Amino acid sequence: MRRLILALALVAAPIWADSDLPPAPLADTQLPDPKQEAEAQALMETIRCLVCQGQSIADSNAELAGDMRAMVRQRIAAGEKPQAIRAWLIRRYGSWVTYDPPLDRVTWALWAAPILFVAAGLLVARSSFRRRRA
Amino acid sequence: MDERLDLRCLDPQSVLALPAGELNGDRMVLATRDGLRAWTLMLAVIAFSMSMVGTFLVRSGILTSVHAFAVDPKRGTFLLALLFVYIGGALALFGARVGKVREGARFDPVSREAGLVANNLLLSAILGIVLVGTLYPLIIEAATGTKLSVGPPYFDAAAGPLALILLAVMAAGPLLRWRRDNLVASLKRVAPAAGLALIALVAVKLAAPSIHILSLLGLAFAAGLALASVAPLWQRNLRRTPLFVWGMVLAHLGVAVSVAGMACDSSFTVEKLVAARVGETVKVGPYSITFDAVDPTFGANWQALQATLLARRGEGDVLRLSPQARTYWAPPTETSETAIHTALDGQLYTVLGKQAVDGRWQLRLWWKPFVTLIWAGGALIAIGGALALIGRLWRARRKPREAWL
Amino acid sequence: MKSHTKWAPLVVFILLGSALTYGLAKPDTRNIQSKMIGASVPSFTLPPATAGLPGLASSDLATGQPHLLNIFASWCIPCAAEAPQLKAIADAGVPVVGIAVRDRPEALARFLARNGNAFRAIGADDASQVQMAMGSSGVPESFVIDGKGRILNQVIGPINPQDVAGLVAAVKAAR
């Protein structure tokens, strides 16, 4: 079996196991309405590519990323809100697919961190200050 | 592919830059006022620690990132062991011996020292945010098994406001007196810069109504900071101004310029995706780009399709740009070589994509106005730092310093 | 400096170091599990992917008969490797249906001729829409679907020979 796979790998026409279908229509075409395109672009920059090493679907050349871009543009053109599309993707792939972590039980510490750091810093810095005489 | 340089692009490796900045400010306080000694010591340790952490992050493969250039757990383990020894040792030593460092002079909440403390605080908080954001997915996966991604939306929302406050502190700081200052008087000194920031805010909002709030505030604060950074030179005999003042002016001005560049790049970048036939012309930003030809070409271990694009700005010269779609054969990899043209006021990026069934070629074109300000600002900061350093060394030669350990 | 302040950096570093050590020690899994496990198959209707076999609709999966749904493509090399396992599963009496992602009818016909055809129906998913709706992120992936159209289980990657018996049992147990 291993030999068969190796042989297949050598003769398979695209050496990098890609389909040879063209990209979906809206994968690499901007929407005609600039406001909608800007909305779509903003959303695409925060959706993670599922098959890449840490890229958004806006930046990725992968085919699945192209299909996801096409889906995003198609839905935005149909009037769907970016938040709804993001929620649809999170429902299917979990929070991993969005670069904007939701605020829930698991991520509250992440979102509280900036405030905690500033507060901790203020406490530490207080000792450097001289007390002002009233 | 292209690197997007904007306010919303923070990287794990960037953790190492921040403590160095704080250290610079602190050295000044130490040199002039003897305050903040323990802070300075700790920042020195943290600066080195962060550079080691950054090395570890990109080499060990624990983070999936386009910026990680090796997945080598063996090297990662070695680096981790080094980390524990060096940093653990240094911090343990710090904890044990910092009590011996003689306390410096104290200062008022409204004073230049306080400004520097605020500067340290904010930069440390930003450092903390970058570390937390980078490592949180790892920690959560360890604790609960849930997979998370943390990216630009988090870093923007968390570090962005702090960075803006930092700009304000940077603007006010040099205008405050050492040790103790009068609040009302200091507000009066800061007023012109604040006024300029407000004018810039209104002007930019009117010119670009759909601009993102972070970029809008970035531009406004940068304008205010630019004015405030040259304020210390006001009514001063410029030839007798000490070098370190020039250094401070240039460094702060550089920060304002860089931030303005980042804000412009985030908000005013124009992107065009076209499926073009050879011979067609596309407009992007101020440039008209004619798709002249696509030719095969090759190199030592690759072959490529190279597009020839002729870019023209108004009546200017015709520029030749040659983006390539490359195929390396061992190992089989497809890459894209971007063709970039840098003008004084921005950059033109061009990328060649695939050919569609109808014979048209996919072209991605960007015009990034004022992105060059980011590097110009960086150069100013570097020059400012160098001047400040030279100024200090000059001074130190003349005055012997008391030991503080 | 107060005691809690001067030891704080060391404590923070030890926590940081522990996180980094964990990161290095944990196995590297890049697989994204579908979160649709336990939910109903999203509604879809796909045209036939190749001549001779019908297309696939979500209603076909809710007829009371459990299925093994295989998401694959002719250009996917591990899919060729798992073809014998799919044949074994089909021969054991399990209905196997497929969704071909981004495929051409002729290429698919050649693939089935070369590797065997275990499928009762194959739907053509040219833009990965149904693949995304199922929460699948690559090929090949297989889903165990019960008689009511609910997704019970997901197998990411090709099916290994040793997993065939387990999958057959899982599908047969799902009613």
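Predicted model: local features only at pLDDT ≥ 70, side-chain atom pairs only at ≥ 80, totals over all residues.
Chain C contains five helices and seven strands.

Five of the strands in chain C form an open sheet with mixed pairing, in the order 5-4-3-6-7. Strand 5 (121-125) and strand 7 (151-156) of chain C each have a single partner strand, so these two stand at the edges and one side of each is left without a neighbour in the sheet. From one strand to the next, the twist averages 20 degrees. Strands of a sheet pair through backbone hydrogen bonds, and the pairing can be parallel or antiparallel. In chain C, strand 4 (residues 96-101) and strand 5 run parallel and are joined by five bridges. C:A100 has C:A124 in strand 5 as its bridge partner.

The overall dimensions of chain C come next. The C-alpha trace of chain C spans about 80 × 35 × 30 Å along its principal axes. Its radius of gyration is 21 Å, whereas a compact globule of 175 residues would have a value near 16 Å. Of the 175 residues in chain C, 46% count as buried. Among contacts in chain C with a separation of 6 or more, 77% are between residues 24 or more positions apart.

How values were computed: Residues numbered from 1 in each chain as written. Chains lettered and ligands numbered in written order. Pairing = 2+ DSSP bridges. Helix = DSSP H or I, 4+ residues; strand = E, 2+ residues; numbered from the N terminus. Axes fitted to C-alpha atoms, helices over the stretch in contact; angles between N-to-C directions. Rg over C-alpha atoms; globule rule 2.2 N^0.38 Å. Buried ≥ 20, exposed ≤ 12 C-beta atoms within 10 Å, placed from the backbone. Contact = placed C-beta atoms within 7 Å.
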